[in-house]
Amino acid sequence: MPAKSKAQQKAAGAALSAKRGDTEKSELKGASKEMYESMSEKQLKEFAETKRKGKPEHVKKD
């Protein structure tokens, strides 16, 4: 499932970095912290690999 916005893609990248041990979990906040706790590394990778071109910066919640 691809990310729907640039912000979501960036948050997934930060969470993936922490999941792999490249950054500290304590450095995460907001959406990236929630993603770290609730998603697998495979799911995070799919979100983080999403192309940013044409994506809005943010998407409103429904």
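Author: Gln-9 has a relative accessible area of 10%, under the 20% limit, and therefore counts as buried. This is a predicted model, and the values that follow are computed from it.

Gln-9 is a residue of helix H1, which runs over residues 6-19. If neighbours within four places in sequence are set aside, the contacts of Gln-9 are Ala-3, Phe-47, Ala-48, Thr-50 and Arg-52. Two of these names lead on to other parts of the chain.

Phe-47 is listed among the residues with the most contacts inside the largest nonpolar core, together with Ala-12, Ala-15, Met-35, Tyr-36, Met-39 and Leu-44. That core has 13 residues. Helices H1, H2 (31-38) and H3 each give two or more residues to it, and H1 provides the largest share, five residues. As a general background, nonpolar side chains in soluble globular proteins tend to be buried together.

Ala-15 shows how the core is joined up. Leaving out neighbours within four places in sequence, Ala-15 is in contact with Leu-28, Ser-32, Met-35, Tyr-36 and Leu-44. Of these partners, Met-35, Tyr-36 and Leu-44 are also named among the core residues with the most contacts.

Lys-51 sits in the segment after helix H3 (41-48). Its relative accessible area is 68%, above the 50% limit, so Lys-51 is exposed. The C-alpha atom of Lys-51 is 21 Å from that of Lys-19, a residue 32 places away along the chain.

The C-alpha trace spans about 30 × 20 × 15 Å along its principal axes.

Of the 62 residues, 29% count as buried, and Gln-9 is one that is buried. Among contacts between residues at least 6 apart in sequence, 60% join residues at least 24 apart. The chain exposes about 4,700 Å², with carbon and sulfur atoms supplying 48% of that area. As for charge, the chain has 16 positive and 10 negative charges, and their mean positions are 6 Å apart.

Conventions:
Residues numbered from 1 in each chain as written. Predicted model: local features only at pLDDT ≥ 70, side-chain atom pairs only at ≥ 80, totals over all residues. Heavy atoms only, no water. Helix = DSSP H or I, 4+ residues; strand = E, 2+ residues; numbered from the N terminus. Buried < 20%, exposed > 50% of the residue type's maximum accessible area, 1.4 Å probe, protein only. Contact = heavy atoms within 4.5 Å. Core = buried A, V, L, I, M, F, W, Y, C linked by side-chain atoms within 4.5 Å. Areas by Shrake-Rupley, 256 points an atom, 1.4 Å probe, with all protein chains shown as cover. Lys, Arg positive; Asp, Glu negative; His and termini not counted. Charge placed at Lys NZ, Arg CZ, Asp CG, Glu CD.
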